[in-house]
Amino acid sequence: MEKNCYEDYSKFFQVAESEFSEFVKNIRYEEVEQAADLIQKAKEAGNRLHISGIGKPAHIAGYIASLMSSTGTPAYFLHGTEAVHGSCGQLKENDVVIFISNSGETAEMRATVQAIKNNGCKVIGVSGNPASWLAKQSDVHLFAGVREEGGVLNRAPRMSIIMETMVLQALSVVLQSQEHVTPQQYVRWHPGGKLGELREEEKGTKVC
């Protein structure tokens with residue numbers, strides 16, 4: 001490996017260690033709890049959860065929608081740009097939409113979030129800027145900010161994507177806990193693969 005490549009590679013992990021440690025130390029649990037409460041109230045009223053983003057956050061949105069659905073909170077991916085071209089039709093009034101945007105300021109994101117709000121939905125914004133347009137437009141804001149991305153140009157979303165994923169994974173843990181998901185229920189949702197098998201210590205547990 002060339003010296004410059006090794007130095008960049010090494011710096012990436014140094015940045016990752018620093019950013020991850022800082023994120024975990026400063027995570028705002030009250031925001032996660034507020035987001036979970038908003039989602040639970042929507043579920044109790046018969047409404048649904050959607051996850052959206054544009055660019056790299058859109059890939060995270062698809063994963064988080066799948067994760068939420070597999071752990072007791074059915075969720076639907078909302079395409080971040082198709083939303084303003086008819087996909088807002090999947091929304092019902094009082095649904096909740098989680099929208100992911102590192103800057104919270106882009107023009108495309110603003111158009112989509114405004115359309116979501118115009119359809120009567122609540123918004124949980126996820127961004128790295130608590131003073132951003134997205135944060136101000138959100139009913140609840142989840143902070144996922146970083147100082148450095150970890151790449152050569154410090155531009156491509158690397159660390160920010162990790163932190164956006166982490167805060168939403170934390171939210172999924174809270175929601176799963178509130179749903180009291182049992183091993184038996186989890187296995188019914190995962191009939192394929194090793195996740196679809198009960199572990200020995202789980203076989204005697206009861207379904208609530």
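Visitor: What covers the buried residues of helix 2?

Guide: This is a predicted model. The cover includes strand 1 (49-53), strand 3 (96-100), strand 4 (122-127), strand 5 (140-143) and helix 6 (159-179).

Visitor: Which residues in helix 2 are buried?

Guide: Glu31, Val32, Ala35, Ala36, Leu38, Ile39, Gln40 and Ala42.

Visitor: Why does Val32 count as buried?

Guide: Buried means under 20% relative accessible area. Val32 has 4% relative accessibility, so Val32 counts as buried.

Visitor: What does Val32 touch, not counting residues up to four places away in sequence?

Guide: Val32, which lies in helix 2, touches Leu142, Val167, Ala170, Leu171 and Val174. Contact here means heavy atoms within 4.5 Å.

Visitor: How far from Val32 is Thr182, in sequence and in space?

Guide: The two are 150 residues apart in sequence, and their C-alpha atoms are 22 Å apart.

Visitor: How do you know what helix 2 should span, and what do its end C-alpha atoms show?

Guide: The expected span is 1.5 Å times one less than the number of residues. Helix 2 (residues 29-44) has 16 residues and so should span 22 Å; its end C-alpha atoms are 22 Å apart, which agrees.

Visitor: What follows helix 2?

Guide: Gly46, with a positive phi near 85 degrees.

Visitor: What makes the nonpolar surface patch of about 360 Å²?

Guide: Tyr6, Tyr9 and Phe13 make that patch. Tyr6 is found in helix 1 (residues 3-26). For such a patch, nonpolar side chains are joined within 5 Å, and each residue has over 30% relative accessible area and no salt bridge.

Terms used:
Residues numbered from 1 in each chain as written. Predicted model: local features only at pLDDT ≥ 70, side-chain atom pairs only at ≥ 80, totals over all residues. Heavy atoms only, no water. Helix = DSSP H or I, 4+ residues; strand = E, 2+ residues; numbered from the N terminus. Buried < 20%, exposed > 50% of the residue type's maximum accessible area, 1.4 Å probe, protein only. Patch = residues over 30% accessible without salt bridge, like charges linked within 9 Å, V, L, I, M, F, W, Y side chains within 5 Å. Areas by Shrake-Rupley, 256 points an atom, 1.4 Å probe, with all protein chains shown as cover. Salt bridge = Lys/Arg side-chain N within 4 Å of Asp/Glu carboxyl O.
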